[in-house]
Each structure stands twice: as C-alpha cells, then as structure tokens.
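Student: Can you walk me through this one? I have not seen it before.
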Amino acid sequence: MTTKRNKQTTLFIGPQHPGITGNMMVKLLVEGDTVVKAETHIGYLHRAFEKLIEQRNWLQSFTLLCRFCVPEPDPMELTYARAVEAIEGREVPPRAKYIRTIVAELARIQSFLLWYGGQAGSAGLYTLGQWTVGDRNYILDLFEDLTGARIYHMYIWPGGVRRDLPKGWADKTRRVLDYLEKRLDDYNRLLFDNAVFQKRAQGVGIIPKDKALEWGVTGPPLKGVGIGNDVRKTEPYCAYGELDFDIPVYEGGDVWARALVRRDEIKQSIRIIRQALDKMPGGNYYNRIPNPMKWRLPAGEAWVKTESVRGEIGFYVVSDGTEKPRRVHLRGAAYTHGISVLEKILPGQNIADVSFILNSLGACPPEMER
Amino acid sequence: MMTTRDIIDALTRTFDLNADVLRDNQIRLKLHKKQVAPVLLYLKNQLGFIHLDHVSCVDWLEENVFELVYIVYRPQDRLTVLVKTKIDRQHPEMENMETFWPHMRTYQRELREMFGIDFPGFEAPKEFILEGWDEMPPMRRDFDTRAYVQRTYTTRPGREDAWSVREYITRRTGEKLPDFVKKYSRD
C-alpha cells in the first residue's frame with residue numbers, strides 16, 4: 001500500500017535551470033504534477049556588496065551599486081544618490097531631475113523588454129524574446145551614447161548626473177520611441193493573442209488581494225491585484241510630479257493580470273519620456289560635490305524608495321560623519337516576491353508553471369543577496 | 001487621513017516613547033527593545049501600518065551595540081515609521097516576530113546569519129545565504145574581509161605580486177609611470 005507520504009517527491013529547480021531568472025533554486029515537494037510545498041534557496045551569487053561598500057567612499061560605492069540588479073541597474077544608482085542627497089541636504093538642478101526621469105524610464109522599458117522574453121520563453125514561446133531582446137539594443141545604444149556604457153552606467157550621481165545630453169540624443173531617443181511604440185503591437189499580438197499564453201497565464205499564480213500589502217507585494221504584482229500603489233505617484237521624485245501618466249491596474253492577481261500591467265507600463269514609460277524631453281529645462285545638470293576622496297557627509301540616516309520594474313526598491317543609508325558609509329542596505333522588491341510570496345503562492349500549482357510564475361513576479365536573485 | 005502629528009499623538013498616548021519627524025512623511029521612534037514588538041503590532045493593527053517595508057541592522061562597534069531598524073508603511077496617507085532599538089552586541093537577542101508579517105521570517109534569517117542576532121523560538125533553517133560558514137558573522141564591522149580572502153583563496157599563478165596590469169607592463173618595460181598613477185597604486 002502506498003502511503004500519501006510515499007507519493008511525494010522532492011524536486012529541485014535551479015540553480016542552473018533555463019526557467020530560473022538567475023542563480024537561485026526552488027526546492028519543491030511535489031505530489032504527481034502538483035506542488036505541495038516550495039522553499040526558495042539563495043546563496044549562489046552573494047558578492048558582499050553591502051559589506052564592500054562600507055570600505056569605500058561615498059562615490060566609489062556606485063561601481064558596486066549598479067550591480068545589485070543586472071536587468072535594471074539604474075534605479076539602484078538613483079535611489080542611493082537620492083539617499084545621499086537627503087542626508088547631506090544637497091539640491092539637484094531641475095535639468096538633472098528630468099534627465100534622471102528619462103534614464104529611469106528607459107531602464108524600465110529595456111527591462112520590460114527582457115521580461116517579455118523571459119515570460120514568453122517560460123511558456124515555450126521563444127520567438128518573442130528574440131524580437132524584444134533585439135529591439136532592446138536600441139535602448140542600450142541610447143545608454144551608450146549618453147553614459148559610455150550599455151548596462152552598468154554609473155551615470156546618476158549625488159547632485160545630478162555625470163554629463164549633459166549629447167547633441168542629437170533627444171531626437172534619436174524620440175525616433176527609438178516611435179519605433180518601439182509600433183513594435184509593441186507586434187509583441188502583443190504574438191503574446192496576448194496567443195491561445196497558449198492565455199490558457200497558461202489566466203488563473204495561475206494568484207496573489208490574494210486582501211493579503212497583498214501585508215505580504216510585502218509591490219510593483220506590477222500589486223497593480224495586478226487591483227491596488228495602484230506606485231512610488232512615482234504616491235511619493236513623486238525626480239520630475240514625476242510634473243508629468244502626466246497613469247498607473248495601469250488590473251484585477252485577478254494572476255500571471256495574466258501582471259502581464260497586462262507590464263504591457264501597459266511600457267506605453268506609460270514612452271509617454272513619460274516624450275513629455276520629459278519636451279519640457280526639458282535648461283541650466284546646469286550637476287550640483288558639483290567636493291573632492292570625492294575627502295567628501296564627508298554629516299552624520300544621519302535616510303530611507304528612500306524608488307519604483308523599479310519589479311516593484312519598490314528602497315535604500316536605508318546611514319552616515320557616521322566620515323567619508324565612508326556606515327551602512328547601505330537595499331530593500332529589493334525581489335526580496336519579498338522571490339522568497340516569501342513565491343513560497344506562499346506555489347502550493348497547489350503545476351510543476352510546469354513554477355518558472356512561469358517566478359518570471360511573472362520579477363524575481364531577481366542578485367537583488368535578494370547583495 | 002492621518003498626519004505625522006496624529007500618529008505621534010496616538011503612539012505617545014499609548015506608549016512611553018521618544019518620537020520625532022525624520023523628514024517629510026517619515027516618523028522615527030527610538031525604543032527600548034521590549035517595546036518594539038507591542039509598538040509594531042499597534043502600528044499594524046490599530047494604525048494601519050500594514051506594509052513592512054524593511055528591517056535593517058547597523059553595527060555600532062564603538063558603542064558595543066547593534067541598532068535594529070524596522071520600517072513600516074501606511075499606504076493610505078503615505079506615512080512611514082522607522083522603529084529603532086539598540087541591543088547588546090555581545091549577546092544580541094531580539095524578540096521573534098515572524099508571525100507579524102510573512103517576510104519578517106526572511107529578514108530574521110538574514111540578520112541571524114549576517115550579524116549573529118538570536119531570535120529565541122525562531123525555527124527557520126539556519127543556513128540562508130552562507131553555506132558551511134564557521135567564521136564570525138560577516139556583516140559585523142570587525143569581520144576583516146581582506147584577511148578572510150587572503151587566508152581562504154589562493155592567488156592565481158603569476159599574480160602573486162597583485163600588481164595592476166598597467167603597473168606590471170610598465171615595470172617590465174621600464175616605462176615611467178605618470179605621478180597620478182603612482183598616487184593611487186597599491187604599492
């Protein structure tokens with residue numbers, strides 16, 4: 001006689017698995033094809049960034065900060081820079097605020113394009129990822145023109161941004177946005193009109209609306225349960241308070257709703273960048289800091305949040321009055337989504353949907369273990 | 001709608017505590033460690049701070065204390081409260097609050113592993129990020145990263161001197177380095 005216990009099998013997905021978004025592992029207890037229990041295991045790429053930052057000066061930290069999240073490094077720079085500015089009381093020129101907004105939104109779009117590939121790929125639809133990753137390169141070209149780097153920019157610094165917009169960059173950006181806007185229809189026909197994706201995404205990986213805030217859910221997964229919290233609206237930073245945009249909200253809390261949110265977010269990002277380019281103020285782009293090797297911040301602390309594509313990210317930064325941070329601690333959206341939320345919503349799901357659900361939550365392992 | 005003043009008034013009516021406004025919509029509370037759990041529960045259940053944003057720890061080695069920081073958020077009026085407390089660094093122990101929010105378990109696992117803080121009754125698996133770690137908890141200020149690396153890892157053959165590539169080539173060819181390079185070199 002087979003006991004219930006004997007029917008259960010332990011299955012490891014990751015750390016090296018095409019369906020896992022980076023180096024992490026989900027240990028599953030399964031019964032047949034159904035997940036009974038899930039545990040997230042991390043620790044495969046801990047690089048002690050937060051520890052190393054304590055041994056560097058305030059500006060040197062930027063070379064490590066951007067590596068907290070590979071698919072979307074810019075919010076890390078932006079949030080940390082804002083925390084440093086809050087502790088010091090340093091003003092940011094209006095032009096820099098607009099440039100930061102454009103950079104943050106371009107970062108969102110390119111990250112959403114990567115997500116299209118991951119989400120479609122985990123449903124077995126590989127063509128879309130090739131299109132979107134190819135088109136993402138046009139945005140990386142813009143970043144290269146602006147910052148000198150394609151992925152890790154180290155462009156947003158305390159006091160503003162490192163350099164002004166190059167000549168002709170705004171026009172090139174507009175042309176890229178026009179191109180991407182047309183391509184969105186193609187992407188969406190391929191993904192959202194696809195019966196496979198519809199059947200796989202609807203009713204799967206549901207986050208209950210009444211638990212979402214208590215579980216620490218933010219970003220597209222929160223908007224996908226019908227709660228439109230977005231730091232850009234609730235606590236506007238950079239130039240967001242002067243720009244007109246909407247927060248897409250869908251009901252259902254499933255993978256489908258989260259996908260619809262992300263689809264609409266790209267359109268809003270394009271809308272924001274166009275407005276920011278049109279309203280770009282003149283003047284200085286950088287409120288210069290003193291010699292960075294001797295730059296001391298006053299003793300103090302700051303808690304600053306920014307909206308990333310995965311959800312809220314926050315930095316808790318403490319200065320003890322020296323030229324190095326006492327503590328820099330990241331709160332990434334993936335820290336809750338990829339661990340406690342994932343472990344709560346996976347039981348009852350099919351094994352084949354695990355990667356699919358993971359992608360929809362925007363779990364980013366480097367953000368979990370800094 | 002509640003304001004920072006309303007929150008501080010409600011808290012000071014119920015608890016004997018020290019509160020100030022950090023900036024904008026952020027309130028900072030400095031508490032004795034025994035007050036933290038009841039204040040967090042009050043904030044969550046009575047004042048609507050339903051969202052646990054963050055839990056952090058700062059090592060104040062010179063004062064021989066760890067400072068724990070719990071950050072909670074009230075979405076309706078965008079109010080944030082930073083609940084801070086200091087605990088003894090030699091015997092770091094804090095109340096187990098894993099039932100308050102699901103992700104508190106994750107934060108406590110990290111604090112236990114990275115700072116060595118004990119949460120009595122907390123039965124989550126010991127290993128979280130580190131594996132087979134038998135050294136001092138690595139996020140403590142007195143953990144020497146460089147010394148750990150030097151005794152744990154070996155140098156790649158040919159790089160024992162740890163010169164930068166530029167220095168190595170210049171020394172080999174006899175080319176003179178500009179002053180600004182020497183200033184920041186490791187030798």
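**Confidence and contact**

Tutor: Chain A has an average pLDDT of 92, with 98% of the residues at 70 or above; pLDDT is the predictor's confidence in each residue, from 0 to 100. This is a predicted model, where local features need pLDDT of at least 70, side-chain atom pairs count only at 80 or more, and totals for chains, interfaces and linings use all residues. Residues are numbered from 1 along each chain as written, chains are lettered from A and ligands numbered from 1 in written order, and side-chain values use heavy atoms, without hydrogens and water.

Student: Where in chain A is confidence lowest?

Tutor: In helix H1 (residues 4-7) of chain A, with a mean of 67, while strand E6 (residues 300-307) of chain A is highest at 96. Helices (H or I, at least four residues) and strands (E, at least two) are DSSP runs, numbered from the N terminus.

Student: How many residues does the contact take from each chain?

Tutor: 45 from chain B and 42 from chain A, contact being heavy atoms within 4.5 Å.

Student: Which element of chain B gives the most to that side?

Tutor: E3(B), with 10 residues on the side touching chain A. By class, that side of chain B has 25 nonpolar, eight polar and 12 charged residues. Ala, Val, Leu, Ile, Met, Phe, Trp, Tyr, Cys and Pro count as nonpolar, Asp, Glu, Lys and Arg as charged, and the others, Gly among them, as polar.

Student: How many salt bridges between the chains?

Tutor: Seven between chain B and chain A, each a Lys or Arg side-chain nitrogen within 4 Å of an Asp or Glu carboxyl oxygen. Glu301(A) pairs with Arg28(B) in a salt bridge, the closest N and O atoms lying 2.6 Å apart.
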